[in-house]
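Colleague: Before I use these labels, I would like to see each one set against its cut-off.

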Amino acid sequence: MDPLEGETSSAPIEYEPVSVKDVLVEMKDTAELLIDLSYSAVLHQSEELATEVLRLEERMDVLELRARMSLLMAARKPADAEQLAPVLGIVGAADGISDAAGDIAKIVLEDMGLPEAMRAALPDAAEALLRGVVAPDSSYAGRTLEDIDLESETGVRVIALRRGSDWLLNPGPTTCVEADDVALLRGPESAIGDVCEELTGEVYEAPSVETPDIDDLERAVDTIVHMKDFSELAVDLAYSSVLFDSEELAEEVRNLEVEVDAMQSRFEAWTLRAAADAADPVVLRGLIQLGNCTERISDAAIEISEGVLRDIDVHPVVQVAVQESDEIITRVEVGEGSDLDGTAVTAGVPDADSTMSVIAIRRPGDGWLLVADADAELRGGDVLISKGTRTAAADFRNLAAA
């Protein structure tokens, strides 16, 4: 039975005046959540998470149609068409990401073939992602996230809420959790079970963990986690390159796409070697699809930033989004002998007089390092991808200058 049978809707979508900027921002948030959920569904072999991916994919389809309608209404002269063409590319790429995420989810839903012991091979540092329905008598129901103070108390955070067919992405302190909400939780294995019980009122049963039956499965799963993280970063940088008209960020999207292609190639080679030794090679079929979908996501990220790479002027609708956003993503190179040269970075926070958060480091000769869950020391020549306010970004550039 179709997991969405009885819930899907093919009702016509009529044009209504909406902010293209708001739609683009929601498409960005939706794309990032789709990637996160789809890979988590595979890693944890969760049909519940995979089903939420398909629901979110439907939401993306609606956003795509609304964005196309609004963009067509905005094109009044040839100059508009030239500036809006890359924005249409962004919309199409977001749909491509959505389709790829849906295909990843179907690996689980269609029992396409996955090693049963994948969860046992997850890195110890990997967080769990769970789906739960808020019980009417839950102590969380009717309270804001600030009041619940979940993350500081347990380390578990609510990354999204679904209320009927409506999605609340990136919920903040003032977001109220209501009874019957579908909550997506991410956090450490040691705490997420208790939170889920408090949320749903049901006893949480940790999934059984089997001994890996395929040699070196740990390395393969570690590669999947990296492919997921790199794909998310590529999409984030691609949207940011458009929002801030940054050719530097667009070039880093290209660099990431090359890295993801190399990872996918190594992953496919591992899968083929494992198939030769597996008792039933069909159990690895889903991994082949996973690698192909990952490449599609990184290719879509390139498509998003294509207008910037081709030096096409940013349309005013995108400029409005930039003007209203105080938080930006920047790319800086650490100069030899600069204040950042030799600086330690712990969980993304540099030991420097700055409030910028380092997302990733590209080190010549060594490749990419995602630093959210790793410690590092900055070196001269490092290219840093960082997030923070405009003022902090300007100060950070000064620290990085030789």
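**Labels and cut-offs**

Modeller: The lining of the second largest cavity has ten nonpolar, no polar and no charged residues. This is a predicted model, in which local features need pLDDT of at least 70, side-chain atom pairs count only at pLDDT 80 or more, and totals for chains, interfaces and linings use all residues. Residues are numbered from 1 along each chain, and side-chain values use heavy atoms, without hydrogens and water.

Colleague: What makes a residue nonpolar here?

Modeller: Ala, Val, Leu, Ile, Met, Phe, Trp, Tyr, Cys and Pro count as nonpolar, Asp, Glu, Lys and Arg as charged, and the others, Gly among them, as polar. Tyr140, Leu145 and Ala183 are among the lining residues.

Colleague: Why is the contact between Lys228 and Glu232 called a salt bridge?

Modeller: The term requires a side-chain nitrogen of Lys or Arg within 4 Å of a carboxyl oxygen of Asp or Glu. For Lys228 and Glu232 the N to O value is 3.4 Å, so the pair qualifies.

Colleague: Is Glu232 buried or exposed?

Modeller: Buried means under 20% relative accessible area, exposed over 50%, and partly exposed in between (1.4 Å probe, protein chains only). Glu232 has 19% relative accessibility, so it counts as buried. Lys228, at 10%, is buried too.

Note on methods
1 Å grid on protein atoms, 1.4 Å probe; cavity = no way out; pocket = protein on both sides within 12 Å on 5 of 7 lines; lining within 4 Å.
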